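Look at the structure first, then read on.

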2 protein chains.
Amino acid sequence: MSSEQKPILYSYWRSSCSWRVRTALALKNIDYEYKTVDLLSEEAKNQLKTINPAGKVPAYVVNGQVISESLAIIEYLDETHPDVPLLPKDPVKRAHARAIAFLVTSGIQPLHNLKVLQLLNKKEAGFGGQFAKQFIVEGLTALEVLLKEHSGKYAIGETVTIADLAIPPLIYSANRFNLDLSAYPTVNRINETLAEIPAFIAAHPDNQPDTGLNA
Amino acid sequence: MSSEQKPILYSYWRSSCSWRVRTALALKNIDYEYKTVDLLSEEAKNQLKTINPAGKVPAYVVNGQVISESLAIIEYLDETHPDVPLLPKDPVKRAHARAIAFLVTSGIQPLHNLKVLQLLNKKEAGFGGQFAKQFIVEGLTALEVLLKEHSGKYAIGETVTIADLAIPPLIYSANRFNLDLSAYPTVNRINETLAEIPAFIAAHPDNQPDTGLNA
């Protein structure tokens, strides 16, 4: 592959959704160009809309085609680079893996993204955090029950799946809100196991080209 | 398949997420038992947690296995009943179809679900609607651009996909908030086309066993 054809990932170091995609790219050993989008700059976000109409990261550009939404990108990567599969083979287990990923990406994360927090804090100082914490706690409570039922070494059995990609960014957010995580031992155990995998280390916010931007 | 083995769908007539799954089931001609969950009853929601730990509809029970999260259920149905496919064959088009579905299910719908509205309206009467409308408008704006680029008769080309399943519930919500939808002609056109398909009619909130509950 020539360098002109290298895929591009529009990302922001602390974005949960970008982080999930970075992890999939690292697990699958896919080389890509990292383009940072400063999510605190209105100009950068408006420019991003010419790439992804929703004005959000991540956006993944491959052969001139833009793919948006973290889980759509991850499913695409899984279908086109099947050597390191991120979904189990059994249809019910695939469903459980996806359900855990969706629980985080549609049930928890949207309720504490930057824009939501900004809007709620404008209504009343501190309200954003209060709102976010309630949904993170509810989500973690459900996640703990699901992981107790389905996990092995990882979220679904003994290999890393799409479900695992959602866990480190969630715990990172929970820690930013200073939540007590002692009630979620299975979530914590899996998060600690993932933290030692080189691809998860490579994808961590602390290890990106734009680490620390607006910190 | 004996009647004992019929799958069960835990649903609520007006739930967007249940609606998407009902549409997939109808398109694929899958027979199932409909169990209503009264989302306004704390007792019913607590009981539901013994089925789906997140306490949400839909939950789909097949051979004693519970699958949660609407898009995980739909992907499962698509993998196990491939006769009426809900994803294109081309990987990039599959990604676009999923991205549109995710844009709605993680970027728009979570920000106007019942619980979010209740919490925000408790903070200040009317704030829930104001908050919801902002994210529906932003989401519809992005959706219109994506559909202009990718749609044919339906959201992605000339056959119904997972992307289409997300559109009618979104427009139904937008109408409940009395939003002016004239700026989204492509979304409207596709929504009107879908409204004439028998499976979409069968899945509509107006045509469920629990239609009108708490209306």
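## Two copies and an axis

This is a predicted model. Chain A can be laid on chain B by a rotation of 180 degrees. The shift along the rotation axis is 0.0 Å, and the RMSD is 0.0 Å. The two copies are therefore related as by a two-fold rotation axis. Which C-alpha of chain A is nearest the axis? That of A:Ser106, at 2.1 Å from the axis.

Now take the interface. Of the interface residues of chain A, 100% are also interface residues in chain B. The copies therefore meet through the same surface.

## An annotated domain

UniProt, in an unreviewed entry, places the feature "domain: GST N-terminal" at residues 5–85 of chain A. This span is 37% helix and 20% strand. Its end C-alpha atoms are 23 Å apart.

## Two helices in chain B

Helix α6 of chain B covers residues 127–150, and helix α8 of chain B covers residues 167–176. They pack with their axes 11 Å apart. The angle is about 140 degrees. Angles over 145 degrees would count as roughly antiparallel, so α6(B) is oblique to α8(B). Their crossing is left-handed.

Which residues make the contact? From α6(B) come B:Ile136, B:Leu140, B:Leu143 and B:Leu147. From α8(B) come B:Ile167, B:Leu170, B:Ile171 and B:Ala174. By class, the contact of α6(B) with α8(B) has eight nonpolar residues.

Terms used. Residues numbered from 1 in each chain as written. Chains lettered and ligands numbered in written order. Predicted model: local features only at pLDDT ≥ 70, side-chain atom pairs only at ≥ 80, totals over all residues. Heavy atoms only, no water. Least-squares fit on C-alpha atoms with pLDDT ≥ 70 in both. Contact = heavy atoms within 4.5 Å. UniProt positions renumbered as here; feature names shortened; annotations may be inferred. Helix = DSSP H or I, 4+ residues; strand = E, 2+ residues; numbered from the N terminus. Axes fitted to C-alpha atoms, helices over the stretch in contact; angles between N-to-C directions. Parallel < 35°, antiparallel > 145°, perpendicular 65-115°, else oblique. Left-handed = near helix turned anticlockwise from the far one by under 90°. Nonpolar A, V, L, I, M, F, W, Y, C, P; charged D, E, K, R; others polar.
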